[in-house]
Amino acid sequence: MDTRTSAPPGAPDESTQFLNNIQAQQARAAAVIALPEHIGSILSQPKNEIIVNFPVLMDDGSHRLFKGYRIQHNNILGPYKGGLRFHPDTRLDECKALAMIMTYKCALMDIPFGGGKGGVRCDPRALSENELARVTRRFTHALGANIGPEYDIPAPDVGTNSKIMVWIMDTYMNTAGYTERNAQQRVVTGKTLECGGSQGREKATAQGLVHCITQWARGRGLTLEGKTAIVQGYGNVGSHTAMILARMGVSIVGIGDHSGYMLNPEGVNTHRMAEHVKKTGAIAGYSKSHGATRDEFFAHKADIFIPAALQNQITEHEAKLLQVQLVVEGANSPTTPEGETVLLSRGIELIPDVLANAGGVTVSYYEWVQNGRNESWELEEIETRLEKAMTRTYARVVSFAEERGCTMRDAAYALALVRLKQVYDQRKIFP
Ligand code: NAD
């Protein structure tokens, strides 16, 4: 059995630094609200860290051992909730950091979910459709009762999508007792519409991001029509954000992904680009833009920059290059603490991940509720609810930041901690 490809020698642990950054962020926000020390210490580590190694039959007849993770950070507000990432660099500490972020995101949005995250260390682009299905199903089986519709509810993230969610759902349902099968459908969210997904989930994260941008513009008396934006990442979050903004008259002048970067001062045709990516898997090869280096991409002048790929993309270096008014974090933790300091010192505003990309988990919550009630809400209802949730939370974060004189990120984390503290104060620590 080949165990090499699924467990490459670890890159020097960037993921540990990522986790340290989120723990430091929590500590900063805890200081803002004078959070009792014992709550801070509970939240500084996940409740459960699950690691599974599982074999998968490959198309060539060989077997490969894969490593998967599920981190359950906190469930004081409700079942663990968070995405699954299929990526060659997926690491334990990365999942821990991302699970922590989910706890704060759900608490901030006042959604009755806790925080979780997980993934498989694999390159989904290098797997055939059948191999991808077998990895997904075997991973789900290995997780076993560690996930569940009232316990821990995965969703799509980098490298996963609605099709993969349906495979997880089907595998999980098939392991349940015959009479209880249908009640297991909501073990995952982000499913296809046909298999119990919600209207509006596919573009929910992007739509939430755009609500934040709209509120930001409104607060400054600006109109978005005629503005320019640059988007890094053209997957679920990046492509939908670009398409919605383009419909609103924002010109997308730069796009980047794992295959490279491109600029087009005239504005990229976002739908054609999405079709191209759907067909080829990457932005490379799209002819109607000119290639750029990573630095040229970050240094290109625009009004808004939207990181929608991976964490740690805006370090001090990129923060010095950016020529924009606003950074809106579509990705989770795309800005390092040093990067954020540089941005703010240069007068560039930042809408943090836990607020900006919370539309995804918000509509995932609607999907979970619909499944539980055997209902199917119309798109209009989902959109109205999402807009209200995003607008209300955006306003709460802005006014808290103004009152306390802190950054929007500190304000968002502090508000989440206030919510968590209320429950810890009332329930106390068992026994
Ligand atoms: P996706 O897999 O659909 O897309 C990821 C994109 O990032 C792709 O375009 C890929 O090419 C690009 N990318 C990967 N590695 C890169 C690199 N080294 N440099 C530049 N680009 C790179 O994933 P997604 O669901 O769109 O998630 C993107 C980000 O948004 C992640 O940080 C994820 O955690 C976050 N997020 C996603 C959701 C959701 O609903 N999908 C919700 C909240 C937050």
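Q: Why does Glu-349 count as partly exposed?
A: Glu-349 has 29% relative accessibility, so it counts as partly exposed. Buried means under 20% relative accessible area, exposed over 50%, partly exposed in between (1.4 Å probe, protein chains only). The model is predicted: local features need pLDDT of at least 70, side-chain atom pairs count only at pLDDT 80 or more, and totals for chains, interfaces and linings use all residues. Residues are numbered from 1 along each chain as its sequence is written, and side-chain values use heavy atoms, with hydrogens and water left out.

Q: What makes the contact of Arg-220 and Glu-349 a salt bridge?
A: A salt bridge needs a side-chain nitrogen of Lys or Arg within 4 Å of a carboxyl oxygen of Asp or Glu. Here the N to O distance is 2.6 Å, so the pair meets the definition. Arg-220 lies in the loop between helix 6 and strand 6 (228-232), Glu-349 in strand 12, 129 residues apart. Helices (H or I, at least four residues) and strands (E, at least two) are DSSP runs, numbered from the N terminus.

Q: Why is Arg-186 called buried?
A: Its relative accessibility is 15%, so Arg-186 counts as buried. Its salt-bridge partner is Glu-150, with the closest N and O atoms 2.3 Å apart. Glu-150 counts as exposed because its value is 52%.

Q: How do you know that strand 11 and strand 12 pair?
A: Pairing requires at least two bridges found by DSSP between two strands. Strand 11 (residues 326-328) and strand 12 have 3 bridges, in the parallel sense. In strand 12, Ile-351 is the bridge partner of Val-328.
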